[in-house]
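Hello,

Here is the structure I said I would pass on. My notes on its pockets and on one backbone angle follow.

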Amino acid sequence: MTIRILINTSEMEMTPHLKEYVEKKLLKLNRLLENLDEARVELKFNSSVRSASDKHVAQLTVRGKNLLLRAEERSEDIYTSIDVALDKLHRQLEKFKGKHMRSREELAALAADAGVPHPKEETPIVRRKSFLLEPMNEKEAIEQMQMLGHEEFFLFQNVQNGKVNVIYKRRDGSYGLLEPEIR
């Protein structure tokens, strides 16, 4: 199966060479893990950033069956940003693939030793927490996040659309909003 590649640019031109470069690199990822469905590439030139080393941004998101990986890199050259982000994705895919192959092999070995069917894998979740989602707007969610001392993210029900959203703090101190969609 061939991976579907979607490339978007912001404040920069998509040249045929750049498009071919990205597609060629991403097709190599598909060889690593065959069940990749889609790769989204966001390439951006950020002229408002002071540091030249942060002006070119490459954000890569790869989706597959039970898989969602994301990598982002900033540098003074878009090709460098792409390469480093791809290296990060490659390591994430290797780690994912290694964990899943190892767990299958371990389960098979345990089952063979014990003479029983495959035991269930233990979950890596060490703590579970449930809470009531309060309907609020985005500004209220940021205020609530700050009051609770949550430095990374805050989950809430958005009154504008009725959906569960996540407010998160970005590296530059601004906030981002995640609006999940179901396939």
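**Pockets and one backbone angle**

S6 contributes the most to the lining of the second largest pocket, giving 4 residues. Strands (E, at least two residues) and helices (H or I, at least four) are DSSP runs numbered from the N terminus. This is a predicted model, in which local features need pLDDT of at least 70 and side-chain atom pairs count only at pLDDT 80 or more, while totals for chains, interfaces and linings use all residues. Residues are numbered from 1 along each chain as its sequence is written, and side-chain values use heavy atoms, with hydrogens and water left out.

The second largest pocket holds about 370 Å³ of space. A pocket here is an open set of points on a 1 Å grid over the protein atoms alone, where a 1.4 Å probe fits, with protein on both sides within 12 Å along at least five of seven lines; lining residues have an atom within 4 Å of a point. Of its 15 lining residues, Lys129, Phe131, His150, Phe154 and Leu155 are the closest to the centre. Helix H3 (138–148) and strand S6 (153–158) are the elements that each give two or more residues to this lining.

The largest pocket holds about 1,400 Å³. Its lining has 32 residues, with Gln59, Thr61, Arg70, Tyr168 and Leu178 nearest the centre. Strands S2 (36–45), S3 (56–64), S4 (67–75), S7 (164–169) and S8 (175–178) are the elements that give two or more residues to it.

Separately, Glu11 has a positive phi, near 60°. Glu11 sits in the loop between strand S1 (4–10) and helix H1 (16–32).

Regards

Terms used: Grid points are joined across faces, edges and corners, and a volume is the space filled by probe spheres set on the points.
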